[in-house]
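Reader: I am new to this structure, and I would like to understand what lies behind the words used to describe it. Could you show it and then take my questions in turn?

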Amino acid sequence: MFAATATIASDAGAGPTKTQVTIWASPRGAYGGTTYGTLPPMTGAMITERRELEIAASGEARLANVATTADPASVQLRDLTEPTARVAEQRFVPAAATPTELIARHIGGSITVVTAKGDVTGVLRAADDHVIVLETGTGDQKRVSVMRRDGYVLDVRLPGGATGPSLAWKIATKQPGKHAIELTYRADGLSWAADYLAVLDEPGKQLDFNAWATVKNATGATFDAAELTLVTAAPQLAPTANAPGRPPGQRFTVPNAVKLGAGESVQVELLPTKLSTKVRSIVAFEAMPDPSAQHQLYPNQDCSQNNGSGSGSGRAEIALELDVPAQTLLPEGRVRLFQKRGARLEAVSEDTLRTAPGLARIRLAPDGEIVGERKAVSCSVDERAHTVVEKLETRVDNKGARPVDVVVREFLWRWPVWRLDAEDHRGVRAGPQTQEYRVRVPPKGSQTIRYSVVYTW
């Protein structure tokens, strides 16, 4: 159902009303999500619109209903009607803040001034807080009138379309008039987050599961019938031999066009609702909290840091697992779990959804019978090769009287670019810096997972 968005065709025959919006999530960073001591991470969205643009004989052109939060340096205009047309000058004009500024935006255009002696229509030549200069008539009858705004001018009637922010260009063209154009720019103020709702039946065997993306539009512009793509990671350069790059983010393409109204929030499906789907109970174990958010800008080369579990006996929790479409990796988000009790619904938990390719996991309660520890067997840094090689082992102990199926979550936290060099259990990548292993731990027994990871930067 979801696929990567195709690049936009630029053929001149395509319709001028197509809109595509790609919203990406901010990369995780240190110190509460910001990047300490450097530029903030890129956020927001890329907006691509096909619209009609009226180009005057002088080459002047203006386009309204653009985002207040647009990054002017990111604007790219492509003329689909006349591909050889050249943009000689480009300006971002913010929204008018005062009545005088609004009136002044119509200099060179026709307005109507209401006076005690009647209406006067003409071309606005100048305006400030005290006077309005209007040119009327043609030929020998052309006159310039200076009208005072402190009593003589009762009202000013302006054409619409110039109150909000706009983009203005001077375009070298051989064909003045209406052109089909493709406009692309980056804007802040568009964001999205995943929200999940799960309802468990009374026996605890089946689940109704809803996956939503909540999209908020604080750009000040409205985008009608937008083709919407949601990305779980910020954009990045393609990897090279010297810069391997981070793993790409997951992309969700909403199948139907969406209206993103200014100031509105809209919810769209991340995947179709699953009704009465079977669930299974497992125990998830994390030997240490995930510290990877603090190591996104610089690799951690301190082999003495977190060389033990870092959290005592770790964290074990009973959870419900359900299958989602194969290889789909749902973004982390808040999941609310309810359970049917006769004709009522009772709240069970509210937590972050755990995900892995093809499955979703919902926390129920802590588990006191599974404990364990994680330790580094060895760790070495090669500054010339730009690598850290770390050998680790995690032991899981079952204090209970029955065997338990345990999902062990390991965090490859030192740097986002990593690979496993060896592992004695077959694991699966469950996130950008998360690896999961499934083991069956016998009663009063233990299981140990050993692996070696190589970080490269």
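Author: What follows is a set of questions about the terms applied to this structure, each answered from its values.

Author: This is a predicted model, in which local features need pLDDT of at least 70 and side-chain atom pairs count only at pLDDT 80 or more, while totals for chains, interfaces and linings use all residues. Residues are numbered from 1 along each chain as its sequence is written, and side-chain values use heavy atoms, with hydrogens and water left out.

Reader: How do you know what confidence the predictor has in the protein chain?

Author: The value to read is pLDDT, the predictor's confidence in each residue, from 0 to 100. Its mean over the protein chain is 85, and 87% of the residues reach 70 or more. Confidence is lowest in helix 1 (residues 30–33), with a mean of 36, and highest in strand 31 (residues 446–456), with 96. Over residues 27–40 the pLDDT is below 50, although the model gives this stretch 21 contacts beyond near neighbours in sequence, a contact being heavy atoms within 4.5 Å.

Reader: What makes a run of residues a helix or a strand, and how many of each are there?

Author: Both are DSSP runs numbered from the N terminus, a helix being H or I over at least four residues and a strand being E over at least two. By that rule the protein chain has 2 helices and 31 strands.

Reader: Why is Leu-320 called buried?

Author: Leu-320, found in strand 20 (residues 315–323), has a relative accessible area of 5%. Buried means under 20%, exposed over 50% and partly exposed in between, with a 1.4 Å probe and protein chains only, so Leu-320 at 5% counts as buried. Leaving aside neighbours within four places in sequence, Leu-320 is in contact with residues including Leu-200, Val-279, Ala-360 and Ile-362. Across the protein chain of 457 residues, 42% count as buried.

Reader: What makes a set of residues a nonpolar core?

Author: Such a core is a set of buried Ala, Val, Leu, Ile, Met, Phe, Trp, Tyr and Cys residues joined through side-chain atoms within 4.5 Å. The largest one has 54 residues, of which Tyr-185, Phe-209 and Leu-230 touch the most other members. Strand 13 (residues 190–200) gives the largest share of this core, 6 residues. A second, separate core of 23 residues includes Ala-287, Leu-412, Ile-449 and Tyr-451.

Reader: Why is the pair of Tyr-196 and Phe-209 called stacked?

Author: Rings of Phe, Tyr and Trp (its six-membered ring) pair if their centres lie within 6.5 Å, and planes under 30 degrees apart count as stacked, over 60 as edge-to-face and the rest as tilted. Tyr-196 and Phe-209 are 5.7 Å apart, centre to centre, with 10 degrees between the planes, and therefore form a stacked pair. Tyr-196 lies in strand 13 and Phe-209 in strand 14 (residues 206–217), so the pair ties together parts that are 13 residues apart in sequence. Tyr-196 is buried at 1% relative accessible area, and Phe-209 is buried at 0%.

Author: Tyr-437 and Tyr-451 are also a stacked pair, with 5.8 Å centre to centre and 25 degrees between the planes.

Reader: How do you know that the charged end of Arg-429 sits over the ring of Trp-418?

Author: A charge sits over a ring if NZ of Lys or CZ of Arg is within 6 Å of the ring centre and within 35 degrees of the ring normal. The charged end of Arg-429 is 3.8 Å from the centre of the Trp-418 ring and sits over that ring.
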